[in-house]
Amino acid sequence: MNQKKLNIIHLDYRKERRASFMKQIIEYKISACIWPGIKAELPWTGISRAYKQVVQYAKNNNLPFVILADDDFLLSCPESYQLFLGDMPEDFDIWLGGASGGTVDENFNNVKEPNAKYISHWSGTFFFAVHERFYDCFLSADETKNIDRWLGTNALEQIENELGRKPVYKVRYPFICTCIDGISDNSGKFMAHNRYFLPYQIQK
């Protein structure tokens, strides 16, 4: 596995999701690896463990960063993946392709990285990269909590103590990725995602 490969978390029975992501990686010529989803008594525990298996592999193999996606990701345009890679900032702990909640600092401008914006109090780990300097912190996430909210909001003090600094969370803006609608592995309910993305700009 190299750091530019897209690592997709997938439960075999989600055949409608498999059809969607396979169409995207074939059509857009994306190098990808499919990892097994993990079922647990608490759904968010399984989600956390599924992410961690990829991050642990990246750590063991000394990758400078690793890119992960849920199997319901939906790239916004044919160039989305290349834009995500090409606009990746030099300084980040987590680099998001999109988010389903959070505050994007649209006023922040770095001439060298115009499409990399800071994001705070965010949720949505459906398409993201983790930097090697953040592997240990990511792997320490509380598996009894929703990992996105643990990272983005609830455990900020703990994360700062572990890192000795504030975490650097950035998002590619406009977003290059949203989600397809369907039954959520987390809640077990049907999710129509459009309303979560209405406040944000989406790459066309």
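Residues are numbered from 1 along each chain as its sequence is written. Because the model is predicted, local features need pLDDT of at least 70 and side-chain atom pairs count only at pLDDT 80 or more, while totals for chains, interfaces and linings use all residues; side-chain values use heavy atoms, with hydrogens and water left out.

**Strand E9**

Let's start with strand E9, residues 169-172. Helices (H or I, at least four residues) and strands (E, at least two) are DSSP runs, numbered from the N terminus. Tyr169 and Val171 point one way from E9, Lys170 and Arg172 point the other way, and all are buried (under 20% relative accessible area; exposed is over 50% and partly exposed in between, with a 1.4 Å probe and protein chains only).

E9 has a parallel partner in strand E5 (residues 94-96), joined over three bridges, with Ile94 opposite Tyr169. Strand E7 (residues 116-123) pairs with E9 in the antiparallel sense, also over three bridges, and here Lys117 has Val171 as its bridge partner. Two strands pair if DSSP finds at least two bridges between them.

**Aromatic pairs**

The whole structure holds 14 aromatic pairs. Rings of Phe, Tyr and Trp (its six-membered ring) pair if their centres lie within 6.5 Å; planes under 30 degrees apart count as stacked, over 60 as edge-to-face and the rest as tilted. Here are two of the pairs.

| Pair | Centre distance | Plane angle | Kind |
|---|---|---|---|
| Trp35 and Tyr57 | 5.6 Å | 70° | edge-to-face |
| Phe84 and Phe127 | 5.1 Å | 85° | edge-to-face |

Trp35 sits in strand E2 (residues 32-36) and Tyr57 in helix H2 (residues 43-60), 22 residues apart. At 13% relative accessibility Trp35 counts as buried, whereas Tyr57, at 33%, counts as partly exposed.

Phe84 belongs to helix H3 (residues 80-86) and Phe127 to strand E8 (residues 127-131), so this pair ties together parts 43 residues apart in sequence.

Finally, the second largest pocket has about 170 Å³ of space. Its lining includes Ser76, Asp181, His193 and Tyr200. Strand E10 (177-179) and helix H7 (194-197) are the elements that give two or more residues to this lining.

Definitions and conventions:
1 Å grid on protein atoms, 1.4 Å probe; cavity = no way out; pocket = protein on both sides within 12 Å on 5 of 7 lines; lining within 4 Å. Points joined across faces, edges and corners; volume = space filled by probe spheres on them.
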